[in-house]
Amino acid sequence: MRKPASMWSLETLGRVRLSKYFFMREFLYSEISNFHARPNIPENPDLAIEVGRAFCSELLDPLHETFGCVTVRSGYRSPELNAYGNANKLNCARNDYPGECHIWDRGAGDARIGGASIVIPWFADQYAQGRDWRDLAWWIHDHLPYSEQWYFPKLAAFNLTWEPHPRRTISSYIAPRGKLLAAGAEPEEALSARQARYADFPPFRGVAQPAIPPNWSAGETS
């Protein structure tokens, strides 16, 4: 897919389905783009789609099928938009920062990286009542092939990152601040202790989705 050259081609990009539950359009919205009138359009749409599909299918779909709604707070950023955000101190890491997960269309092979800042409303409601953010962090660690988790105080939002070879790091701006788990390290909490934290969580991928009628299932014709 060539870089969108019109509103209609950008609309076509937005309609690309990344996974069972997510479309590209959900990740293109940006307050920085809207307020500062700077477009948020991939330089390499094919790579952005490739990375977005891996990120959504391996990480976001399982979250959706376990907790229900997953809300995207900050998704894809073009290199140009991200550089503008960094230069103007708008909470964007520099483009060459290895962990900058919002620029999906850079790198190749093992250097690919993609992610988003997300909120899980089911957990955010409990966090607002005092629940420890680490309960969710350890659940994700024990169930999903993430590369990085980074938590923020508002709504227990967190950056969730996909890479071909996950680094498996967990950090937070919520107390206790700092790095909970470094790359290559083993958790200090034993598995049984971690499991006790999230014993009341829903079953993994246990959300019941409406079934597609058999005569309309993929591969069948009417």
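Reader: How do the residues of the lining of the largest pocket divide into nonpolar, polar and charged?

Author: This is a predicted model. In it, the lining of the largest pocket has 13 nonpolar, eight polar and six charged residues.

Reader: What is the general idea behind finding empty space?

Author: Rolling a probe the size of a water molecule over the atoms shows where empty space is left. Here the largest pocket holds about 850 Å³ of space. It is lined by 27 residues, and those closest to its centre are Arg77, Asn91, His102, Phe152 and Asn159.

Reader: How much space lies in the second largest pocket?

Author: About 350 Å³. Its lining has 14 residues, with Leu10, Arg25, Leu28, Tyr29 and Asn40 nearest the centre. At least two lining residues come from each of helix H1 (7-14), helix H2 (25-28) and H3. By class, the lining of this second largest pocket has five nonpolar, five polar and four charged residues.

Reader: Now a helix. Where is the kink in H4 centred?

Author: Helix H4 covers residues 45-67, and its kink of about 40° is centred on cysteine 56.

Reader: Why is H4 described as largely enclosed by the rest of the structure?

Author: Buried means under 20% relative accessible area. In H4, 18 of the 23 residues are buried, so the helix is largely enclosed by the rest of the structure.

Reader: Which residue follows H4?

Author: Glycine 68 follows H4, and its phi is positive, near 85°.

Definitions and conventions
Residues are numbered from 1 along each chain as its sequence is written. This is a predicted model: local features need pLDDT of at least 70, side-chain atom pairs count only at pLDDT 80 or more; totals for chains, interfaces and linings use all residues. Side-chain values use heavy atoms; hydrogens and water are left out. The bend at a residue is the angle between axes fitted to the seven residues ending there and the seven starting there. Helices (H or I, at least four residues) and strands (E, at least two) are DSSP runs, numbered from the N terminus. Buried means under 20% relative accessible area, exposed over 50%, partly exposed in between (1.4 Å probe, protein chains only). On a 1 Å grid over the protein atoms alone, a cavity is a set of points where a 1.4 Å probe fits but cannot get out, and a pocket is an open set with protein on both sides within 12 Å along at least five of seven lines; lining residues have an atom within 4 Å of a point. Grid points are joined across faces, edges and corners, and a volume is the space filled by probe spheres set on the points. Ala, Val, Leu, Ile, Met, Phe, Trp, Tyr, Cys and Pro count as nonpolar, Asp, Glu, Lys and Arg as charged, and the others, Gly among them, as polar.
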